[in-house]
Amino acid sequence: MGGPSELLAIQPRFQGEAPVEPLSFGARLRREGVVLRREALETLQINVGKLCNQACRHCHVDAGPHRTEVMTRETMQSILTFLAATDIPLVDITGGAPEVNPDFRYLVKQIRRLGRSVMVRCNLTVIFEQGLEDLPDFYGEHEVELVCSLPCYLEENVDQQRGKGVFFDSIEALKRLNAIGYGKPDSGLLLHLVYNPVGASLPPPQAELEADYKRVLGERYGISFNRLFTITNMPISRFNDYLRRRGEYDGYTQTLRDRFNAHTIDRLMCRFLVSVDWEGNIYDCDFNQMLDMHLSGRPKKLWEVPPGWLVDRRIRIADHCYGCTAGAGSSCGGELA
């Protein structure tokens with residue numbers, strides 16, 4: 001038998017009866033007796049802009065080749081000054097395609113000089129852009145941890161979601177990364193892949209899908225990698241538009257509510273991370289950033305606050321947060337439960 005919110009979803013309605021309002025995420029947390037607060041600051045996630053060489057259907061950033069939002073070096077320097085005054089161990093660089101920012105390499109080098117680890121969210125095909133062909137060597141030289149999008153191990157599904165020809169370009173990129181040691185045992189060069197569902201469904205179990213990815217990519221293409229992260233598509237921005245065009249928005253968001261899993265709460269990424277946009281404004285997570293849900297309720301630059309101000313703060317929530325707590329949960333690092 002399902003929980004109370006599941007019963008609300010399937011109760012019959014009688015003629016003239018007002019429709020039952022879906023249970024908000026805030027109400028669900030209150031039912032669980034949870035107040036969501038940031039426990040520690042372990043990751044600084046920096047979105048360096050919305051410019052991208054792709055325009056993926058599921059993109060919650062609404063990134064693409066025609067976006068003009070790009071972080072400046074001046075903003076990067078202000079962020080670096082803040083970082084130097086902290087002991088944050090990991091900087092997670094994302095976009096858009098972060099590598100197309102003209103100061104991307106400057107940012108990576110400066111973070112590494114501060115002795116911090118760098119993770120980059122890479123779409124793989126970016127290394128074929130003019131002038132970026134040496135990116136694999138740059139990654140390796142600076143021991144960048146790579147989290148690379150490959151939403152399926154089948155050509156048809158990848159090209160459907162990301163564009164014709166993207167699958168085989170991605171395979172070629174992975175081969176180049178493998179050739180310099182990425183994804184190889186004991187190399188120290190970490191290469192992870194990311195799976196997003198093609199449509200309006202939750203990801204399958206991460207461990208099982210990782211085994212399938214490793215078997216198929218290894219047997220067919222000789223590719224190896226470290227881990228697979230399964231990430232739920234958020235019903236915001238471009239994926240929101242996709243769902244609504246297909247008449248699937250209500251069903252998908254109800255699925256997220258029905259599959260709420262309280263065991264994911266302790267590991268939600270917002271409890272250990274802050275997100276910074278291309279202008280330096282602070283958010284509780286990358287999804288809140290795309291919805292303009294500023295951490296303090298109004299724009300505030302990262303360098304305007306002391307690091308301690310960011311810890312033990314109540315996290316801003318809305319119904320899209322069901323996407324992180326549905327099923328096995330979802331974060332920038334995959335499953336939560």
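This is a predicted model: local features need pLDDT of at least 70, side-chain atom pairs count only at pLDDT 80 or more; totals for chains, interfaces and linings use all residues.
Over the ring of which residue does the charged end of K214 sit? Side-chain values rest on heavy atoms, with hydrogens and water left out.

The charged end of K214 sits over the ring of F225, 5.4 Å from its centre, where a charge is taken to sit over a ring if NZ of Lys or CZ of Arg is within 6 Å of the ring centre and within 35 degrees of the ring normal. R313 likewise lies over the face of W309, at 3.8 Å from the ring centre. F225 also belongs, with Y153, Y195 and Y213, to one aromatic cluster; rings of Phe, Tyr and Trp (its six-membered ring) pair if their centres lie within 6.5 Å, and planes under 30 degrees apart count as stacked, over 60 as edge-to-face and the rest as tilted.

Y213 is, together with I93 and Y139, among the residues with the most contacts inside the largest nonpolar core, which has 92 residues. Such a core is a set of buried Ala, Val, Leu, Ile, Met, Phe, Trp, Tyr and Cys residues joined through side-chain atoms within 4.5 Å, with buried meaning under 20% relative accessible area, exposed over 50% and partly exposed in between (1.4 Å probe, protein chains only). The largest share of this core, six residues, is contributed by helix α7 (residues 166-179); helices (H or I, at least four residues) and strands (E, at least two) are DSSP runs numbered from the N terminus. Residues up to four places away in sequence aside, Y213 touches L150, P151, C152, Y153, L193, Y195, G218, F225 and L228, contact being defined as heavy atoms within 4.5 Å.

By the ring criterion, the count comes to twelve aromatic pairs. F167 and Y221 form an edge-to-face pair, at 5.9 Å centre to centre and with 65 degrees between the planes, and this pair links helix α7, which holds F167, to helix α8 (residues 206-221), which holds Y221, across 54 residues. F167 counts as buried because its relative accessibility is 0%. The rings of F239 and Y252, with centres 5.6 Å apart and planes at 85 degrees, are likewise edge-to-face; F239 lies in helix α9 (residues 237-245) and Y252 in helix α10 (residues 249-258), so this pair ties together parts 13 residues apart in sequence. Both F239 and Y252 are buried.

The buried residues of α9, namely R238, F239, N240, Y242 and L243, pack against α10. N240 has a relative accessible area of 15% and is therefore buried, and beyond its neighbours within four places in sequence N240 is in contact with P235 and Y249. After α9 comes G247, whose phi is positive, near 70 degrees.

The largest pocket has a volume of about 480 Å³ and is lined by 22 residues, of which T43, M269, S331, C332 and G333 lie nearest its centre. On a 1 Å grid over the protein atoms alone, a pocket is an open set of points with protein on both sides within 12 Å along at least five of seven lines, a cavity is a set where a 1.4 Å probe fits but cannot get out, and lining residues have an atom within 4 Å of a point. Three cavities of 30 Å³ or more were found in the whole structure.

Definitions and conventions
Residues are numbered from 1 along each chain as its sequence is written. Grid points are joined across faces, edges and corners, and a volume is the space filled by probe spheres set on the points.
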